[in-house]
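Please look over the sequence and the model shown here before reading on.

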Amino acid sequence: MRELAFLFIRLGFTAFGGPAAHIGMLHNEVVVRRKWMSEQEFLDLLGATNLIPGPNSTEMVIHIGQRQAGWRGMLLAGLGFIIPAMLLVLGFAWLYVEYGSTPQAAWLLFGIKPVVIVLILHALWNLARTALKSLWLGLLGGAVLVLYFLGINEIFLLFAAAAFWMLIQLVRQNKLPDLKAILFPLGLYSWPLVLPSFSLGVLFLSFLKIGAVLYGSGYVLLTFLRAEFVDRLAWITDQQLLDAVAVGQVTPGPLFTSATFIGYIVGGLPGGLVATLGIFLPSFLFVWLSAPWIPRIRSSPWSSAFLDGVNMAALGLMAAVTWQLGAASLVDIPSISIALVAALLLFQFRLNSFWLVLAGGLAGLLISLIQ
């Protein structure tokens with residue numbers, strides 16, 4: 001237990017670079033160095049995390065803890081990975097609330113936001129190359145994008161697209177499922193939560209709902225955060241949402257700690273803690289429930305087709321929100337220039353995202369001195 005705690009607390013403070021980098025670090029630590037599991041066992045766990053909602057790298061951490069020491073190891077590993085990032089984000093959120101309205105902070109964020117847009121586009125590009133397995137699947141993603149702009153509920157779109165694609169694949173294989181098993185989740189998760197006045201209870205339920213249905217990259221989180229907290233509840237603005245993503249990007253650990261930032265700016269320290277609990281609690285529950293079923297999930301044609309549909313729908317939603325946030329951030333020649341330089345450094349030279357965000361902030365401060 002001591003070794004488990006030390007490993008994941010250390011990773012919680014040092015795991016920069018996003019989910020792909022986290023998975024690489026985990027592989028090196030638990031397969032290569034400590035030999036806690038085989039390559040195949042590690043791949044099985046990675047496949048299982050792709051079939052349940054939530055942040056993949058965090059769920060890998062929870063799975064590893066569960067395999068090593070049962071439910072105690074699951075809690076110890078997960079909390080060890082999440083809490084350091086949460087504490088760092090709370091510190092940034094306090095600075096943001098105290099000093100975010102100063103001219104210097106405004107120019108710092110002016111430079112960071114175009115970089116965040118580029119980081120999202122880069123993630124979208126890489127994910128699309130993996131998820132786009134056929135022309136028809138690509139058309140499904142395009143349909144989701146269009147329907148989102150027409151005002152259709154994003155959670156309904158996610159599950160409807162997944163169920164539709166699963167049906168298509170199973171019809172082709174002559175394996176029609178029970179329609180009730182598909183339609184029930186659509187009705188359950190498409191109910192909107194529209195409660196305008198702030199309360200910690202609403203905050204917790206909103207993040208719990210998001211954590212329970214979110215598939216794909218951490219950047220897909222943007223879609224749900226914007227729909228819930230910008231459009232429905234109107235507790236934050238697009239600019240504050242981008243600031244939350246920027247802070248999640250420059251701190252180690254899961255990008256889902258952007259929820260901590262949002263919780264703090266709308267509800268102080270209690271809000272930050274409640275938001276963190278809400279967004280991560282489903283991951284612990286899903287890992288605990290799915291662990292015994294991993295061998296069967298891995299070979300199921302249902303889960304494979306469902307995951308393909310979910311991933312493509314998530315990319316369509318992600319593209320739509322990226323367009324909206326880009327329109328709010330790329331507003332003049334300096335901001336567009338920062339975005340173009342960041343794109344060159346990221347796509348061509350693969351510069352680490354931490355240094356990109358830092359350089360964007362410095363560029364914003366430099367522009368403020370020139371002007």
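## Overall make-up

This is a predicted model, and its protein chain has 16 helices and zero strands. Of the 371 residues in the protein chain, 51% count as buried. When contacts between residues at least 6 apart in sequence are considered, 74% of them join residues that are at least 24 apart.

## Helix 14 and its partners

Two packed helices are described by the angle between their axes and the distance between the axes. For helix 6 (residues 135–149) and helix 14 (residues 301–329), the axes come within 8 Å and cross at roughly 45°. That angle makes helix 6 oblique to helix 14, and the crossing of helix 6 and helix 14 is right-handed. On the side of helix 6 the contact is formed by L137, G138, L140, G141, V144, L145, Y148 and F149, while helix 14 contributes D308, G309, M312, A313, G316, L317, A319, A320, V321, W323 and Q324. Sorted by class, this contact of helix 6 with helix 14 comprises 13 nonpolar, five polar and one charged residues.

Helix 14 also meets helix 11 (residues 238–250), with axes that come within 10 Å and cross at roughly 105°. Helix 11 and helix 14 are therefore roughly perpendicular to each other, as angles from 65 to 115 degrees are classed that way. The residues that make the contact are D238, Q239, L241 and L242 from helix 11, together with L325, A328 and S329 from helix 14. By class, the contact of helix 11 with helix 14 has four nonpolar, two polar and one charged residues.

## A buried lysine

K113 lies in helix 5 (residues 103–131), and because its relative accessibility is 12%, K113 counts as buried. Setting aside residues up to four places away in sequence, K113 touches Q239, L242, D243 and S329. Among these, Q239 and L242 of helix 11 and S329 of helix 14 also take part in the contact between helix 11 and helix 14.

## Nonpolar cores

The largest nonpolar core holds 91 residues, and within it L158, F207 and F229 touch the most other members. Helix 14 supplies the largest share of this core, with 13 residues. Leaving aside neighbours within four places in sequence, F229 is in contact with L203, S206, F207, I210, A234, W235 and I236. Another core, of 17 residues, lies apart from the largest one, and L7, L11, L26 and V61 are among its members.

Most residues other than glycine have a negative phi. Against that background, which value does phi take at K35? Phi of K35 is near 55°, which is a positive value in a residue other than glycine. K35 is placed in the loop between helix 2 (19–33) and helix 3 (39–50), and at 63% relative accessibility K35 counts as exposed.

R350, which is not a glycine either, has a positive phi of about 55°. R350 is found in the loop between helix 15 (333–348) and helix 16 (353–370), and because its relative accessibility is 65%, R350 counts as exposed.

How values were computed
Residues are numbered from 1 along each chain as its sequence is written. This is a predicted model: local features need pLDDT of at least 70, side-chain atom pairs count only at pLDDT 80 or more; totals for chains, interfaces and linings use all residues. Side-chain values use heavy atoms; hydrogens and water are left out. Axes are lines fitted to C-alpha atoms, for helices over the stretch in contact, and angles run from 0 to 180 degrees between N-to-C directions. Helices (H or I, at least four residues) and strands (E, at least two) are DSSP runs, numbered from the N terminus. Angles under 35 degrees count as roughly parallel, over 145 as roughly antiparallel, 65 to 115 as roughly perpendicular and the rest as oblique. A crossing is left-handed if the near helix is turned anticlockwise from the far one by less than a right angle, and right-handed if clockwise. Contact means heavy atoms within 4.5 Å. Ala, Val, Leu, Ile, Met, Phe, Trp, Tyr, Cys and Pro count as nonpolar, Asp, Glu, Lys and Arg as charged, and the others, Gly among them, as polar. Buried means under 20% relative accessible area, exposed over 50%, partly exposed in between (1.4 Å probe, protein chains only). A nonpolar core is a set of buried Ala, Val, Leu, Ile, Met, Phe, Trp, Tyr and Cys residues joined through side-chain atoms within 4.5 Å.
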